Amino acid sequence: MAVSYEFNISTRIVYGRESAAQIGEIAGGLNLKKIQLVTDKGVANSGTLDYLLEPLKNAGINPIIYDEVEYNPTVQTVDKAAEQFRNENCDGVIAVGGGSPIDAGKCIGVLATNPGSAHDYLGVDKVKNAAVPVICVPTTAGTAAEITDVAVLNDPGKKLKMGMRSPQVAATVALLDPRLTITLPPEPTRDSGLDALTHAIESYISVNSWRLTDTLNLQAIELIGRYLRTAVHNGNDIEARDAMLTASLLAGMGFHHTKLCLVHAITLPFGGIYNVPHGASNAIVLPHAMKFMLPGAVSKYVDIAVALGEEVSGISDREAAEKAVEAVEQLYRDVDLPSGLSLYGVKEEDLPEISQTIAENFMVPLSPRIAKADDILAICKEAL
Ligand SMILES: [Fe+2]
């Protein structure tokens with residue numbers, strides 16, 4: 001367990017229902033003249049960019065658009081975008097979208113000032129030079145990639161999904177406007193919202209947690225329990241969208257400091273090997289991993305149950321802790337989460353080898369109950 005704690009978010013956070021209108025001002029304040037706007041086809045075709053292009057135009061900025069970021073972005077995609085950045089003599093990046101375009105945008109910012117391929121900087125503290133200014137504008141509520149100092153990329157040739165973790169990876173500004181999440185369809189709303197729930201729960205029970213991160217994470221859990229159903233089934237409800245974007249941000253501020261634990265350790269290879277959507281795989285594994293970790297964090301599970309609206313008076317702490325898992329499972333039924341990883345192509349015969357790899361992940365020992373490879377295999381089989 002950590003004996004001293006630090007809290008530092010280097011990214012400036014601008015939040016509000018009209019805040020996208022400030023993008024020109026923010027870019028101008030950073031002295032940016034030629035910007036590469038990084039996004040995906042879905043966002044580019046959704047009309048969401050209008051919230052940004054108009055104020056940028058008013059500020060005299062006409063960005064170069066790179067909209068080829070795919071789900072689970074690859075090293076090759078980032079390298080290609082960085083080449084465009086250099087050829088066009090851009091001086092800053094605006095990344096718009098879910099975790100994929102935002103992670104890609106953060107990496108492009110790094111490659112603008114550091115030679116070579118994104119592959120060279122995967123790992124911890126490999127980036128040497130400060131990145132160019134990067135402004136992240138999320139259109140989903142879940143990853144919190146806009147404030148973290150890590151970006152996850154796929155390297156399909158090596159069947160690898162790996163993080164670029166370094167202080168230089170963190171964005172300069174996170175611009176969060178809940179209006180930009182309104183057009184997100186129910187399925188990604190659900191998956192990203194459950195990713196945020198996983199962040200909040202994992203950070204809350206992490207051995208690195210402390211009262212400051214606990215405050216952020218409990219508030220995030222409560223907001224998700226109260227608003228995710230509405231955001232999924234009635235996406236136009238701006239109050240629900242606003243609450244979910246706040247929840248994602250709060251959980252991100254929590255796990256940026258505590259890191260995550262068993263669930264994200266388990267699901268990382270599923271993204272790399274089978275391209276399973278990040279949020280859905282975390283959500284599917286979460287209750288199974290929670291059951292395993294429960295004996296190591298009973299009182300924290302009681303808090304989670306209460307935050308999710310469960311009645312716990314008159315029952316033992318052990319029973320109340322189980323209600324945390326039940327509340328998560330009830331939420332899943334209400335938002336129609338698919339039940340197993342096999343739906344996404346995960347194969348049982350691959351699990352023993354994958355479990356061995358997972359057991360070595362640095363996040364496993366951050367869990368309140370440490371899983372060995374056999375425990376991980378059992379959890380993966382239950383989640384299948
Ligand atoms: Fe996540």
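Tutor: Domain bounds here are taken from an automatic or database domain assignment. On that basis the protein divides into domain 1 (12-181) and domain 2 (186-383). The model is predicted: local features need pLDDT of at least 70, side-chain atom pairs count only at pLDDT 80 or more, and totals for chains, interfaces and linings use all residues. Residue numbers start from 1 along each chain as its sequence is written.

The centres of domain 1 and domain 2, taken over C-alpha atoms, are 26 Å apart. Between them, 18 residues of domain 1 are in contact with 26 residues of domain 2; contact means that the C-beta atoms of two residues, placed from the backbone, lie within 7 Å.

The helix to look at is H11, residues 298-307. Helices (H or I, at least four residues) and strands (E, at least two) are DSSP runs, numbered from the N terminus. Because 7 of its 10 residues are buried, H11 is largely enclosed by the rest of the structure. A residue counts as buried if 20 or more other C-beta atoms lie within 10 Å of its own, as exposed if 12 or fewer do, and as partly exposed in between, with C-beta atoms placed from the backbone. The buried residues of H11 are Lys300, Tyr301, Val302, Asp303, Ile304, Ala305 and Ala307.

These buried residues pack against helix H6 (186-205), helix H7 (211-233) and helix H12 (317-334).

Now to one of these partners. Two packed helices are described by the angle between their axes and the distance between the axes. The axes of H7 and H11 come within 8 Å and cross at roughly 40°; axes are lines fitted to C-alpha atoms, for helices over the stretch in contact, and angles run from 0 to 180 degrees between N-to-C directions. The H7-H11 crossing is right-handed, a term used when the near helix is turned clockwise from the far one by less than a right angle, anticlockwise being left-handed. H7 contributes Leu218, Ile221, Glu222 and Gly225 to the contact, and H11 contributes Asp303, Ile304 and Ala307. By type, the residues of this contact are 4 nonpolar, 1 polar and 2 charged. Nonpolar covers Ala, Val, Leu, Ile, Met, Phe, Trp, Tyr, Cys and Pro; charged covers Asp, Glu, Lys and Arg; the others, Gly among them, are polar.

After H11 comes Gly309, with a positive phi near 90°.
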